[in-house]
Amino acid sequence: MFEARRPAGWLFLLLLALLASAQTLPTTTISDTVYRADGSPAGGTLLISWPEFTTAAQGAVAAGNTSVTLGAGGALSVGLVPNANATPANTVYTVVYQLNDGSVKTEYWVVPTTSPTTISAVRTTLGAGNSASQMATEQYVNAALAGKANDAAVVHLGGPETIVGTKQFSVSPGLPAPVNPSDAATKEYVDNATQNVGNGSYVSTAGSTMTGPLTLSGDPVAPEQASTKNYVDLGLEGKASLTAGLIPTGELGTGTANNSLCLHGDSSWGGCGSSSNAVSIQNVPVATTTPTNNQVMTYVASAGEYEPEAGGGVTAGMQAVKYATDFSWSQSPASNLSTTGPQTVNLAVCATGVTGTEPWYYVYISGTGAAEAVLVTGGTCAGNGQAGTLQFTTLNAHSSGYTITSASGGLQEALIAARFVASNPSGPSQSGKVIVPPGELQAYARISVRASNVTVDFSGSIIDCNMLDTCIFAGDGLTLKFYLSQTPFIKTNTTLFDEEYLISPLEPALWNVIDPSSVVSVNGGELQIVGGTGVDGTTSVQFAEKVELSGALIIEHGDVIFSAASTGVLGGLYPGAVSIAGCLAGFQVKPNGAQSNIQALVNGVSAGSPITTTAGHHYLLTTRLYSQEIYRLQQIFHSSFHPAGGGFGGTEIAADVRIVLQLQDIDPANPGTEVAPATVLYDGVISAAPDFCTCALVNSANMQCAIAFTRLIQAVDAEVRSALPGQGYITQMVGTLEEGAECEITSSSALEFYPQYAPAANQLIEVHYRSLGHALARITNPARVAAQQRGIDNGLHGAVRHPKEPPARTDADCEMAALALLDDTTGLAWTGEYDVWSDFLPGGAVDVFPGDELNIAVPTRGATFSAIVNEVEITLNNPEGEHFSYKIKFANDAAKAVAFEFEAAKGTTSLFVNQYTNAQVGETYLADLTAAQITEVTSTTVSVDAGLAPVSGGGIEVRWSDAGWGPGNNRNLVGRFTTQAFTIPRLSKVQDCYLQQYDNSVPPKYSRYSAALHIDYPL
C-alpha cells in the first residue's frame, strides 16, 4: 500500500549535499578508457600528485596527491580542480601509471574548466609552456635542438671555408671583383666583359642582314637545306618558261587548247579528261549520261562509246553477303617481338574486320619462332583501312621477318564486317550472311559468332581446327552467371539501423552524443553540426552500441552537405577512444579555403587522394566491410557451475577485414550525378582487425555540415572482386539492383551480374565466401562415464540437443554448448514443489517470481542445493485477510537447464561427427586457411598462396576433394607442401582443390574447415 506523505529524509539529504557543495572548488571530470599497446583494456592504478597553486578563478589549492583504480574494461573517471592558467604558471598534475602487467609510465596533465574531458585533451609535455624558467624534459630539449645545426656544418661570417654541394640563395649575394680564375663574379662584371663579344662579326640566329655573298660547300641533299644558284638553274632547264603568267607559244608544240583538247605530258595534244568527268577512254568516247548507284560503265558497240549499264555492277544485296576468304589479310610489321610478353605492333593498314576492341579476336603470328595464335586485347585499329595498332601477349619469341595474319582465314573478320544495327525496332547489332567458299580453311584460334540472326554458309568447305579450344563458338563469349563450387552461407540484406533524423533530440537508446559546446541538433529532417570545441575527439555523435566487424556490412553515413570549411572525421570506426590517431577507417575532412577536402583515413593516417567539395553539392559517404569470418566472437553458454562472467566460449575470432571507403558527388543541377559511379577513396585489407569498433558518425573539431540519413545494413556475406586485363582488382557490391549493387548471389549458388554490369572480355573475377553446413559437435566426459558404470551399464548415456537460445552457430559453438550441458551432469538433479501460505514465504519474502533462486536444505532427503523457481501457482483463499496459498515449483540446472532454450532436434541428415572428450575441446584443430588464394593460372599450372606459413614441422595438405584428410590416405592427394606458396598441376578448364594445414604431432592436427579453391579459366 502507498502513503501520501512527504519523504522528509530525502529533503534532509538534499540539504546536506547543497551545504557540502558550497565548501568545494568546481572540478573537471577526466573520463576515458585506458588501453595497452596490444589493444586490450588496461588495469591498475593511477597515482596523481600536484603542487600548491591558485586556480584561474582565484581558488587556492594545497599540494597533495590521490590515487585512482582503473575500472572494468580500463575505464577511468576522476575529478580534478582545473589547473589551466593557474598560478604559478605551468602548474601540472604528475600522473604515474602503475599497471597490473608491471609497466610504469609518468605523464603530466593540464586540466581545463570544460567538463567532461579526456586523457588526450589534458596531456602536456614539460617545457611546452611559455615560461622561460620552467623545467623542461629531455624530450622537449631534444626536440628543440633537433633543428639546430652543428658548428662544423654551417658557413661562418669570416674565414676561408669550402662549401660542398649546391647552394641556392633567395637574394643574390654581393661579391668583390674577381681576381683569380676560380673567383665568383657579379652580373655586372660578366655583362661588361661580354658586351662586345661577337658584335658585328656574326649572323644572329634571330636574323640579321649580310653585306656580302654566302658561299655554300655543295648542293643540298635534304629538303630544308639552302640551295646554290647552280642547283636551281639545273633544275629549271627541263621546265616550261612562264612569261606574264603564260607559257611562250614556242614551247607549246603544235595545237590549240580548248574545252576538249589538252597538252599531254609527252608534249602531244589530245582529249582532256579527269577521274570525275572523263570524256574518253583510250580514245573511245564516254557517254555524258550520269551513272546511278551501283551502275558500271560498259562498252556499247552499237553506239561506239562507254555507257552506264542499267542493273549492272554490285548490288546492295551482293554487298551484304560477306565471303570469308575476301577478308583474309597478312602483313609483316617491323615491331620487335623478339621477347615474350605484352606487345604492341603497328599495322600499315587495318583491313576491314581488323579491330583492337573486338572481344575474343585472335591473330596468327608465324614465319619466325614457334607459330602461335594470340588474343587481341587492345589497340587503335578500327577496320577502316587506316594505319593502327594491335595489342596482345606472346608466349613465344619472334625475330624480324615474322608475319601476322588472320587466325581464321578471314572468317572472323567477315563475321565482324557483316554486322549491322537494326533501326526498326532498334536493337543490338546483328548480321546478315557470311559464306565460307568451297575449299579448306585453316583456323588457329576460336572463331566467335557474336552477333544474332547471322547465317554462316559452310557448304562445300572444310574447317581445319588447329587449337585446343572450341573451334566455332556461337554467342558473345561473355556470361552474366557463374556457378559457385560450394553452397554459400548467405545472410540476406537486412537494414539493422535506419535513422531519418525526425526526432529531436536523438534517441539515447540509439545514439551517444557528446556535445560540450551545444553544436549538435536535429532540425528539418537533418542532423546539423555547427562547430565544435576545436579539439579532436571532444564532440562526437556515436552509435549507442559497438559494431561487430564480421561478415559483410554497409554503413551509409548519409547525404552530407557542407555549409563552410570543416575539420573532423565522418563515419569513423574506432577500436578505442574516438580520436583521429585511433581511427581504424573513416572520412577525414580538412579545410581547403572556403571548401573542404574529404580523404580516406586508415589506421590514423590519411590515405589516397582527397576530393575537394563544391558549394551546394551533396556527398554520399559509404563504408563497406568484408570480414573473413561471419562471427567475431564465440557464443557464450552458462551452467550452474559457470554462471554469468565465467561461461564457456566468448573467445574472440581473429580475422582480416577488407574496408572500402567510397564517395558519391551529387550535383542537384545535374540529375545524372545521382546514378554516376561512386569514387573509391580506399580499398584495402586491415590485417588482424579488431572484432568490435565504436562507430562515430561525427567526430567534430569544427564541422559545418548537415546529414540527411544514416543506415547500417547487414549485407550479403560474400566478397566479389574483379580486374580487367592489366589492371588492379576492385571490389564490387553484392545485393539488389535498387541498392546500387552490381551483382547478386542467387539461391542456386551462383554469382550473377546485372546486365548493365556485365563483365568484360578477359575480366578476372574472385569470389570469397564461407560455405553452408550443419553445426555439429559430439563431446563426452570420460570421468562421468566411468562414474555411471553399473554392472552391464557401461555408463555411456547420450542425448541430442538443439539449442535455440542462445544459438550454437558453428561447430565450435556446439562444443561450448556441450561442455555447459555436461557441466551440469556432474551433480545430482533435483526437482520439487513447495506449498506454503503467503504469510510464511521463504526468507520472509514479500512475493516469489519465476527465476528467483531458492536455497533448499532437506536433511531427511540428503538434499542441500540451489534451485531456480520455474513456476508459481497462487490460490486466493482468504481475500479479506489477504491470505494466499503458493505452490512453488523449482529445479536445479542438472534437472532443467535454465541457461538454455531447446527446440526439437532434426535428424534429416546423418549425424556422423568426430567424437572428442571435454579435455580435447579447443586443443584439436589448427587455424583455418581463410586467406588462401590463387595467385596465377597458366594452361598447365596453378600457383597458390596458403595465406600463412606452415607451422614448424608441419605443412599444407592439398586434395582434389574434401575428404580423406590425414597421412594414411593418398588416393585424392594433390600434394603436401612445406612452404606458404606452391604450384599444383592444371588438369582441366574447371578445377577444384581443397587445403588444410597440419602439424607434426602424432596423430597430426588439421584445420577444422577446408579452404576450397575453384578455377574456371580458359586453357
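Buried, in this talk, means under 20% relative accessible area, with exposed over 50% and partly exposed in between, using a 1.4 Å probe and protein chains only. By that cut-off, buried residues make up 34% of the 1019 residues in this protein.

A word on the source. This is a predicted model: local features need pLDDT of at least 70, side-chain atom pairs count only at pLDDT 80 or more, and totals for chains, interfaces and linings use all residues. Residues are numbered from 1 along each chain as its sequence is written, and side-chain values use heavy atoms, with hydrogens and water left out.

Now the overall make-up. The protein has nine helices and 69 strands. These are DSSP runs numbered from the N terminus: helices are H or I with at least four residues, strands are E with at least two. Contact means heavy atoms within 4.5 Å. Among contacts between residues at least 6 apart in sequence, 62% join residues at least 24 apart.

Next, the cores. A nonpolar core is a set of buried Ala, Val, Leu, Ile, Met, Phe, Trp, Tyr and Cys residues joined through side-chain atoms within 4.5 Å. The largest has 46 residues, and Leu 527, Phe 562, Leu 570 and Val 698 have the most contacts inside it. Strand E48, residues 692–707, gives the largest share of this core, seven residues. What does Val 698 touch, not counting residues up to four places away in sequence? The list is Leu 527, Ile 529, Thr 539, Ser 540, Val 541, Val 569, Leu 570, Met 703 and Ile 707. There is also a second, separate core of 23 residues, including Leu 80, Tyr 97, Leu 99 and Val 122.

On to strand E50, residues 718–723. Six of its six residues are buried. In a regular strand the side chains alternate between the two faces of the sheet. Here Ala 718, Val 720 and Ser 722 point one way, while Glu 719, Arg 721 and Ala 723 point the other. Two strands pair if DSSP finds at least two bridges between them. E50 pairs antiparallel with strand E54, residues 764–769, over six bridges. In that pairing Ala 718 stands opposite Tyr 769. Three bridges join E50 to strand E51, residues 730–732, again antiparallel. There, Arg 721 sits opposite Thr 731. The hairpin of E50 and E51 has six residues between the strands, and Gly 726 takes a positive phi near 75 degrees.

Now a sheet elsewhere. It is open, with four strands in the order E17-E22-E19-E20 and antiparallel pairing. The edge strands are E17 (330–331) and E20 (372–375), each pairing on one side only. E19 (residues 362–366) and E22 (residues 403–406) share four bridges. Tyr 364 stands opposite Thr 405 in E22.

Look at Thr 403, also in E22. Is Thr 403 buried or exposed? Buried, because its relative accessibility is 18%. Its side chain makes a polar contact of 3.4 Å with the side chain of Ser 332. A polar contact is a pair of N or O atoms within 3.5 Å; within protein, one must be able to donate a hydrogen and the other to accept it, and residues adjacent in sequence count only if both atoms are side-chain atoms. Leaving aside neighbours within four places in sequence, Thr 403 is in contact with Ser 330, Gln 331, Ser 332, Tyr 364, Ile 365 and Ser 366.
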